[in-house]
Amino acid sequence: MILLFSTAFSVFLTRLLVDEINEPVSVLLSHMKRAENEMYELIAHNVYTDEFAYLLRGFNHMIDAVHRRDRTNKELLNSFITVLTAALDARDPYTAGHSLRVARYALAIGKQLSLPNEQLDALYRSALLHDIGKIGVPDAILLKEGKLSDDEFAWIKKHPALGEAILREVRPIEPIEPLLAGIRSHHERMDGKGYPDGLAGDDIPLFGKIIAVADAFDAMTSDRPYRKGMDIRQAADILRKGKGTQWDGELVDLFLKHLQEERLLSTSAAS
Ligand SMILES: [Fe+2]
């Protein structure tokens, strides 16, 4: 009887011990698996024995370091984009603020489309950098007031592909890659008469189509030294007339809806 009892008790103890080891090991393994998929989560380790608490504390230190590195990388990327945008604005003081306004309008359209946050971030950054290729256009052409010759306009037409080529040099490329298609295609038109690739309709990347609407609206409504910015209603009218030929009709409608929601455009003018 005593033998039976002590055997049962030792099986019970062994079971307890195995469970005590198994649980933290499986918690650690599942967190390591999640970390492999870039989900870096801390483990609540105060419920385990000393040895495991020590091991899990080590894991948590590593996760903390990854979070710190991610924050630093994000800040570096944001300041890199801000510096590039500021450098472009400094070249052409008359269009200063254009990149930021286009980014805000593009973001508003992206929100109307209910894009996920990660895509909204990429859209905002693409729009901030959409004209970065103008850095490579000579001053005499970029800052010229009045009509451009065909040769001069050919220079201007290089800026979307130039912007893509400049940013393609960034290392690591991963955070920049999602911005490239929109930057290259922001002067394409729905009817295929845009540049640099003459893409039409749905062949134009979404970010390019969004930035095209935002860019045109800001270009029309901003003041220039040689002309006053257009009235919002008039600009909205031009966007509406260009639906399907110059701009994506659905995106124009969403942008006009946004202006209406912000009370920048009356309901009757938006329809
Ligand atoms: Fe542009």
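Predicted model: local features only at pLDDT ≥ 70, side-chain atom pairs only at ≥ 80, totals over all residues.
Trainee: Where is confidence lowest, and where is it highest?
Mentor: Helix α12 (residues 267-270) is lowest, at a mean of 57, and α8 is highest, at 98. The chain's mean pLDDT is 88, and 88% of its residues reach 70 or more. pLDDT is the predictor's confidence in each residue, from 0 to 100.

Trainee: How much of the chain counts as buried?
Mentor: Of its 271 residues, 39% do. Buried means under 20% relative accessible area, exposed over 50%, and partly exposed in between, using a 1.4 Å probe and protein chains only. The accessible surface comes to about 16,100 Å², and 58% of that belongs to carbon and sulfur atoms. Those areas come from the Shrake-Rupley method with a 1.4 Å probe; for residues, only the protein chains shown count as cover.

Trainee: And contacts between residues at least 6 apart in sequence, what share join residues at least 24 apart?
Mentor: That's 58%. A contact is heavy atoms within 4.5 Å.

Trainee: Which of its residues are buried?
Mentor: L120, A122, L123, R125, S126, A127 and L128.

Trainee: What do they pack against?
Mentor: The buried residues of α4 pack against α2 (50-91), α3 (98-112), α8 (177-184) and α9 (206-221).

Trainee: Switching to rings. How many aromatic pairs does the structure hold?
Mentor: It holds 4. One of them is Y105 with F217, edge-to-face at 5.2 Å centre to centre and 85° between the planes. Y105 sits in helix α3 and F217 in helix α9, so this pair ties together parts that are 112 residues apart in sequence. For the cut-offs, rings of Phe, Tyr and Trp (its six-membered ring) pair if their centres lie within 6.5 Å; planes under 30 degrees apart are stacked, over 60 edge-to-face, and the rest tilted.

Trainee: Is F217 buried or exposed?
Mentor: F217 is buried, with a relative accessible area of 2%. Its ring also pairs with F255: the centres are 4.9 Å apart and the planes at 75°, so that pair is edge-to-face. F255 lies in helix α11 (residues 249-261), so the pair ties together parts that are 38 residues apart in sequence.

Trainee: What about F255, buried or exposed?
Mentor: F255 counts as buried, at 0% relative accessibility. Y105 is buried as well, at 18%. Ring pairs link Y105, F217 and F255 into a cluster.

Trainee: Which residue lies over the face of W155?
Mentor: K158 does, at 4.2 Å from the ring centre. The test is NZ of Lys or CZ of Arg within 6 Å of the ring centre and within 35 degrees of the ring normal.

Trainee: Now the backbone. Which residues does a cis peptide bond join?
Mentor: R171 and P172 are joined by one, with omega about -5°, and P172 lies in the loop between α7 and α8. The peptide bond from Y195 to P196 is cis too, with omega near 10°, and P196 is in the loop between α8 and α9.

Trainee: Last one: which residue has a positive phi of about 55°?
Mentor: S114, although it is not a glycine. S114 is in the loop between α3 and α4 and is exposed, with a relative accessible area of 60%. R263 also has a positive phi, about 60°, and is found in the loop between α11 and α12. R263 counts as exposed at 75% relative accessibility.

Notes. Residues numbered from 1 in each chain as written. Heavy atoms only, no water. Helix = DSSP H or I, 4+ residues; strand = E, 2+ residues; numbered from the N terminus.
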